[in-house]
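Hello,

Here is the structure we talked about handing over. My notes on what turned up in it follow below.

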Amino acid sequence: MSAAQKPLRFAWLEVTGFCNEHCDHCYADSSPQGTHGTMNVDDWKGAIDQLAGIGAHDVQFIGGEPTLYPYLHELITYAHGMGLAIEVFSNLTHIRDHLWDVFTQCGVKLATSYYSDNPQDHDAVTNLRGSHRRTRRNIEKALSMDIPLRGGVVAVNAQQRVHEAAEDLTALGVQHVGGDRTRAFGRASNGAHPTVDDLCGHCALGQCAIGPDGSVWPCVLGRFISLGNIRETPLAEIWNSPGTAQARAKIAAAQGLKPAQACTPPQFLPSCGPCGPCVPSVGHCDPQEAAPATATIGAPA
């Protein structure tokens, strides 16, 4: 491996752009009008094969709302069989019984967004009436089943009660609560062209994202930067290409990236590094006081 190449350890698998919520800040522009894209089940299994083959440790199924993808259980089972640790990022509003079964059988971890302790405020962000009640109920169910779960609070508006949201998650028994600010991608950009300046800067250092059409991006937020398409080019070739190295360097340079240290509280996304400026939305954050970041999805809860 050359100095310009880095091991690929983690991948977001965005299996659908369909979502039952319609959050105003959604970076993926997901909604009830979204689709499952052009990647079929065999395409996704091929992507999982390639990830395992080049030494990836972890995958996160994301969307859209991944639990609304009809073959999620099949892909989870397949990824588990390939030795990958798995997390599902879900709004937790609609989990069918067979998914709870596969979560426990395959040692899946869960992650969810939680916008406020106040149901009306949360529902105002998701634009789905009753979403707070259903998400909170399924947080409680996951914890009762000893399924590891982490929560993330994105600061969307000033009336949102982000601190109270974090406190509510902690009171429920969620041990890992992260935070982030709204970033100008997707609907949150209000039509502005996305730029690398609004990324954390750690994209493509050991992670990538694969979209519903097979596009490979530096991360789920950096979907405006195309590294290639896994339906056309092997993932290893994409990951080790000069184009990926150039994108990695451009993103890092825009942030004046320094050696990564952990965030306190942890970042909203599992493989991202400390931001500049720090995210003030949830509690105290000081990367200088934190231990080096080593945790992955597969790490003990």
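**Overview**

The protein chain has eight helices and nine strands. Please keep in mind that this is a predicted model. Of the 301 residues in the protein chain, 52% are buried. Taking contacts between residues at least 6 apart in sequence, 70% join residues at least 24 apart.

Helix H2 spans residues 72-81, and its buried residues include Leu 72, Leu 75, Ile 76 and Ala 79. These four cover an arc of only 100 degrees around the axis, so they are on the same side of H2. The packing partners of the buried H2 residues are helix H1 (41-53), strand S2 (58-62), strand S3 (85-89) and H3. Just after H2 comes Gly 83, with a positive phi of about 85 degrees.

Helix H3 has a similar entry in these notes. Leu 99, Trp 100, Val 102 and Phe 103 are buried in H3. Their arc around the axis is only 165 degrees, which puts them on the same side of H3. Asp 97 and Gln 105, both exposed, are carried on the face of H3 turned away from its buried side. The buried residues of H3 pack against H2, S3, strand S4 (109-113) and H5. Gly 107 follows H3 and has a positive phi, near 60 degrees.

**Aromatic pairs and a charge over a ring**

How many aromatic pairs are there? With ring centres required to lie within 6.5 Å, the count comes to four aromatic pairs. One of them is formed by Phe 10 and Trp 12: the ring centres are 4.8 Å apart and the planes stand at 85 degrees, so this pair is edge-to-face. Phe 10 and Trp 12 are both buried. For Trp 100 and Phe 103 the ring centres are 5.9 Å apart, and with the planes at 85 degrees this pair is edge-to-face. Both residues lie in helix H3 (residues 97-105), three residues apart, which is about one turn of the helix. Trp 100 has a relative accessible area of 2% and is buried; Phe 103 is buried with a relative accessible area of 1%.

Trp 239 has a charged group over its ring: the charged end of Arg 248 sits there, 5.0 Å from the ring centre.

**Helices H5 and H6**

The axes of helix H5 (residues 131-144) and helix H6 (residues 162-172) come within 10 Å and cross at roughly 35 degrees. The crossing is right-handed. On the H5 side the contact is made by Arg 136, Ile 139, Glu 140 and Leu 143, and on the H6 side by Asp 168, Leu 169 and Leu 172.

**Two prolines**

Is Pro 218 buried or exposed? With a relative accessible area of 1%, Pro 218 is buried. Pro 218 lies in the loop between strand S8 (215-217) and strand S9 (228-229). Leaving aside neighbours within four places in sequence, the residues in contact with Pro 218 include Trp 12, Cys 203, Gln 207, Leu 227 and Ile 251. Gln 207 is eleven residues from Pro 218 along the chain, and their C-alpha atoms are separated by 6.9 Å.

Pro 242 lies in helix H8 (residues 242-255) and is exposed, with a relative accessible area of 60%. Pro 242 and Leu 227 are 15 residues apart in sequence, and their C-alpha atoms are 9.7 Å apart in space.

**Backbone points to check by eye**

Gly 63 and Gly 64 are joined by a cis peptide bond, with omega about 20 degrees. Gly 64 lies in the loop between S2 and H2.

Asp 146 is not a glycine but has a positive phi of about 60 degrees. The residue is found in the loop between H5 and strand S5 (149-155), and at 68% relative accessibility Asp 146 counts as exposed.

Arg 161, also not a glycine, has a positive phi of about 65 degrees. Arg 161 is placed in the loop between S5 and H6. The relative accessibility of Arg 161 is 37%, so this residue counts as partly exposed.

Regards

Terms used:
Residues are numbered from 1 along each chain as its sequence is written. This is a predicted model: local features need pLDDT of at least 70, side-chain atom pairs count only at pLDDT 80 or more; totals for chains, interfaces and linings use all residues. Side-chain values use heavy atoms; hydrogens and water are left out. Rings of Phe, Tyr and Trp (its six-membered ring) pair if their centres lie within 6.5 Å; planes under 30 degrees apart count as stacked, over 60 as edge-to-face and the rest as tilted. Buried means under 20% relative accessible area, exposed over 50%, partly exposed in between (1.4 Å probe, protein chains only). A charge sits over a ring if NZ of Lys or CZ of Arg is within 6 Å of the ring centre and within 35 degrees of the ring normal. The arc is that of the directions from the helix axis to the C-beta atoms. Contact means heavy atoms within 4.5 Å. Axes are lines fitted to C-alpha atoms, for helices over the stretch in contact, and angles run from 0 to 180 degrees between N-to-C directions. A crossing is left-handed if the near helix is turned anticlockwise from the far one by less than a right angle, and right-handed if clockwise.
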